[in-house]
Amino acid sequence: MIPFNKPFLTGKEIEHIEHAVALGKLSGNGVYTKKCQLFFEKRYGIYKTLLTSSCTDALEMAALLLDIQPGDEVIVPSYTFVSTANAFVLRGANIVFADSSNDHPNLDVALLPSLITTKTKAIIVVHYAGVACDMDAIMALANANNLFVVEDAAQAIESYYKNRALGSIGHLATFSFHETKNVIAGEGGLLAINDPAFADRSEIIWEKGTNRAAFFRGEIDKYGWVDIGSSFLASEVTAAFLWAQLEAIDDIQEKRQLLWQRYYDELYELGENNFYLPKIPVYATNNAHLFYIVCNTLEQRDGLIQYLRNNGIYAVFHYLPLHQSTYNKAFGVCDNLPSAERFSNCLVRLPLFYTLAQNEQTYIIDTIKQYFMNG
Ligand SMILES: *Cc1c(COP(=O)(O)O)cnc(C)c1O
């Protein structure tokens, strides 16, 4: 069976973890945490970063930092992972779901003005498959309406919008190092703070509501409870693992790009009549986070997944649209969002991981061709 994903190890992870253990500080905010944070700040031009236990945690921190209150409205794409919305629901927000574009799973910016009300506090954008949303348009709209923008950049490491790194544009942004992402730490995440106004409080929320981080820098002589917060830090074990991955990021990206491009080139002709291939807008780059095709119908999509499964290939679909989720339906509002529903019904993700062998990829491509040619 060719799996859908296989976590990639660079071979340096254990060495760095042993070093972290030898240093004798295993809780968060140590040497490896700082190395990882600096990597993001320097490489992607982010004002300040904080390593967290997950992207979900980083999103929850964002909701705390934006001071989301019960009744505030937050605009979230329907076609995304649960955490994008849940982090704000935890603060009592009412989620206003945005539909995807008709030609891309990213949210449809043209629809945004119709979703903004006097209660809107923030727009959460998701760079699906690591492909940028139209950030200039989104930031202009947010600024005109006094709204905050959070980029859920869980899938978007090493990807750009008009030469600006994703995760460096919104007031806040979040990354994931879950084992299905390009760069992994088992579970792990990072909060990016691009608006300096959030810098001091972000550290306090990260450190359980205390000013411990400032204490360790020697800025204050005792630390205590100053605000709400939680235990959002990742341990040094996680950071040491992640550091091995960040050191190898160019190699990881090169390999994923080759695999992505081969799928694209070899499926292009077949796709013209049978399905849609991913589209990369001119303002965006592709970080080869995931390769998908969009079938014409749900039946065709389910048939393809089953056919691949019967032939030993594990492909998956994803994102039941959040507006149609059991949780959201309990509130009775469930608009039609046709594009999100179409991607949910018709999209297939193909296996894409560093150690996918060339002959395995050939086999996957050939099996897809067989499926469509035999009707
Ligand atoms: C993976 C993912 C998350 C969640 O990341 P975790 O690190 O597992 O919490 C959130 N949003 C999107 C878009 C994701 O792809």
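## Before you start

Residues are numbered from 1 along each chain as its sequence is written. Because the model is predicted, local features need pLDDT of at least 70 and side-chain atom pairs count only at pLDDT 80 or more, while totals for chains, interfaces and linings use all residues; side-chain values use heavy atoms, with hydrogens and water left out.

## Two nonpolar cores

Let's begin inside. In soluble globular proteins, nonpolar side chains tend to be buried together. A nonpolar core here is a set of buried Ala, Val, Leu, Ile, Met, Phe, Trp, Tyr and Cys residues joined through side-chain atoms within 4.5 Å. Buried means under 20% relative accessible area, exposed means over 50%, and partly exposed is in between (1.4 Å probe, protein chains only).

The largest nonpolar core has 57 residues, and Phe40, Leu112, Met135, Phe175, Phe177 and Leu246 have the most contacts inside it. Helix α9 (residues 236-247) gives this core its largest share, 6 residues. Helices (H or I, at least four residues) and strands (E, at least two) are DSSP runs, numbered from the N terminus. Another core, of 44 residues, lies apart from the largest one and includes Val76, Trp206, Val294 and Ala340.

Which residues does Phe177 touch? Leaving out residues up to four places away in sequence, its partners include Phe40, Leu51, Val183, Leu190 and Leu242. Contact means heavy atoms within 4.5 Å.

## Helices and their neighbours

Helix α10 (residues 249-274) packs with helix α14 (residues 358-373) at an angle of about 10°, and their axes are 11 Å apart. Axes are lines fitted to C-alpha atoms, for helices over the stretch in contact, and angles run from 0 to 180 degrees between N-to-C directions. The two helices, α10 and α14, are therefore roughly parallel (angles under 35 degrees; over 145 is roughly antiparallel, 65 to 115 roughly perpendicular and the rest oblique). Among the residues that meet are Leu259, Tyr263 and Leu267 in α10, and Ile364, Ile368 and Phe372 in α14. The contact of α10 with α14 divides into 9 nonpolar, 4 polar and 3 charged residues. Ala, Val, Leu, Ile, Met, Phe, Trp, Tyr, Cys and Pro count as nonpolar, Asp, Glu, Lys and Arg as charged, and the others, Gly among them, as polar.

Helix α13 (residues 338-346) has Ser339, Ala340 and Phe343 among its buried residues, and the buried residues of α13 pack against β11, α11 (298-310) and β12 (347-350). In helix α4 (residues 82-89), the buried residues include Ala85 and Phe88. Those of α4 pack against α3 (55-65), β2 (73-77), β3 (94-98), β4 (120-126) and β5 (148-152).

Is Asn287 buried or exposed? Asn287 counts as buried, at 0% relative accessibility. Asn287 is in the loop between β10 (275-276) and β11 (291-295), and touches Gln155, Asn182 and Gln257, among others.

Ser176 sits in strand β8 (residues 172-176) and is buried at 9% relative accessibility. A polar atom of the Ser176 side chain lies 3.1 Å from the backbone nitrogen of His178.

## Two lysines with positive phi

Most residues other than glycine have a negative phi, and most peptide bonds are trans. Lys162 has a positive phi of about 45°, and is found in the loop between β6 (160-161) and β7 (164-165). Lys162 is partly exposed at 45%.

Lys208 has a positive phi of about 60°. The place of Lys208 is the loop between α7 (199-206) and α8 (212-216), and Lys208 is partly exposed at 42% relative accessibility.

Technical notes: Polar contact = N/O pair within 3.5 Å; in protein donor to acceptor, adjacent residues only side chain to side chain.
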